[in-house]
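This briefing goes through one protein model, topic by topic. Please keep the sequence and the structure in view while reading.

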Amino acid sequence: MKQLVKNQERQEKILLSLSQCSYLSRSQIQTMHNIGSTRTAQRVMQQLSEYVSSFMDGEKIYYLNAEGRKLTGCKKVCKKLTTAKHYIMRNYLFIAYGCPDGWKNEMRLKYKDVNVVADALFEEEGKFYLIEIDHTQKLSANKIKIEKYKKLISYGKLKFPTFIWMTTTEYRRKQLLKMCEGLDVQIFTITDFY
């Protein structure tokens with residue numbers, strides 16, 4: 001009986017994680033929910049098949065189906081998309097930073113003539129972190145976004161934020177570093193996480 005309760009709690013937590021993160025890879029679910037082996041993770045996710053859908057992109061990627069959204073109260077409809085990789089990259093940072101309670105996805109920052117959407121943000125111990133994912137974005141679009149952030153800083157609306165970027169290649173990492181000159185920035189490539 002105790003094992004059944006433990007399994008139900010874990011299943012509920014996994015479904016809530018999917019509600020918060022939109023898409024999670026099998027390995028991300030394993031890490032977030034302390035599931036020991038790949039085989040166990042696959043079994044757990046099979047038990048949740050009534051509430052989740054999946055597709056392959058190197059490994060299985062899971063998202064809530066209509067029943068899962070109804071059960072969790074999630075409003076966001078996810079489907080098999082090529083842009084799911086953007087979410088997966090963002091989730092690697094979410095996990096790496098300890099799944100902060102105040103983590104918010106797709107947050108609009110607006111002041112005077114500046115309107116920019118951060119991929120995610122969170123505040124921890126009085127420090128403000130802005131998350132940006134560079135998956136298929138043009139470098140010129142990233143440059144425009146960085147300039148908007150710099151303008152918000154000059155207006156005093158962002159006080160000493162740390163920018164955390166994840167990109168796809170070392171070349172893009174170097175280009176982003178140049179663009180972010182003068183900012184407190186950390187830039188990772190996807191290969192830093194697997």
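Two strands pair if DSSP finds at least two bridges between them. Helices (H or I, at least four residues) and strands (E, at least two) are DSSP runs, numbered from the N terminus. The model is predicted: local features need pLDDT of at least 70, side-chain atom pairs count only at pLDDT 80 or more, and totals for chains, interfaces and linings use all residues. Residues are numbered from 1 along each chain as its sequence is written, and side-chain values use heavy atoms, with hydrogens and water left out.

- Strands of a sheet pair through backbone hydrogen bonds, either parallel or antiparallel.
- β2 and strand β3 (residues 59-64) run antiparallel and are joined by six bridges.
- Within this pairing, Ser53 stands opposite Tyr63 in β3.
- The open sheet has three strands in the order β1-β3-β2, with antiparallel pairing.
- Its edge strands, β1 (24-25) and β2 (52-57), each pair on one side only.

- β5 and β6 run antiparallel, with five bridges between them.
- Leu121 has Leu130 in β6 as its bridge partner.
- The two strands β5 and β6 form a hairpin with two residues between them, and Glu125 in the turn has a positive phi of about 50 degrees.
- With β7, β6 pairs in the parallel sense over five bridges.
- Ile131 stands opposite Ile164 in β7.
- Six of the seven residues of β6 are buried, where buried means under 20% relative accessible area, exposed means over 50%, and partly exposed lies in between (1.4 Å probe, protein chains only).
- β6, α6 and β7 make a right-handed β-α-β unit; right-handed means that, with the strands pointing away from the viewer, the path from the first strand over the helix to the second runs clockwise.

**Helix α6**

- The buried residues of α6 include Leu139, Asn142, Lys145, Ile146, Tyr149 and Leu152.
- These residues lie on the same side of α6, because they cover an arc of only 130 degrees around the axis; the arc is that of the directions from the helix axis to the C-beta atoms.
- On the face turned away from the buried side of α6 are the exposed residues Ile144 and Ser154.
- The cover over the buried residues of α6 includes β4 (104-111), β5 (114-124), β6 (127-133), β7 (162-167) and α7 (170-179).
- Gly156 follows α6 and has a positive phi, near 85 degrees.

- His86 is found in helix α5 (residues 84-96) and counts as buried because its relative accessibility is 17%.
- Not counting residues up to four places away in sequence, His86 touches Glu106, Asp119, Ile133 and His135, contact meaning heavy atoms within 4.5 Å.
- The side chains of His86 and Asp119 are joined by a polar contact of 3.5 Å.
- A polar contact is a pair of N or O atoms within 3.5 Å; within protein, one must be able to donate a hydrogen and the other to accept it, and residues adjacent in sequence count only if both atoms are side-chain atoms.
- Pro100 lies in the loop between α5 and β4 and, at 6% relative accessibility, counts as buried.
- Leaving aside neighbours within four places in sequence, Pro100 is in contact with Phe94, Phe122 and Glu124.
- Pro100 and Glu124 are 24 residues apart in sequence, while their C-alpha atoms are 7.8 Å apart in space.
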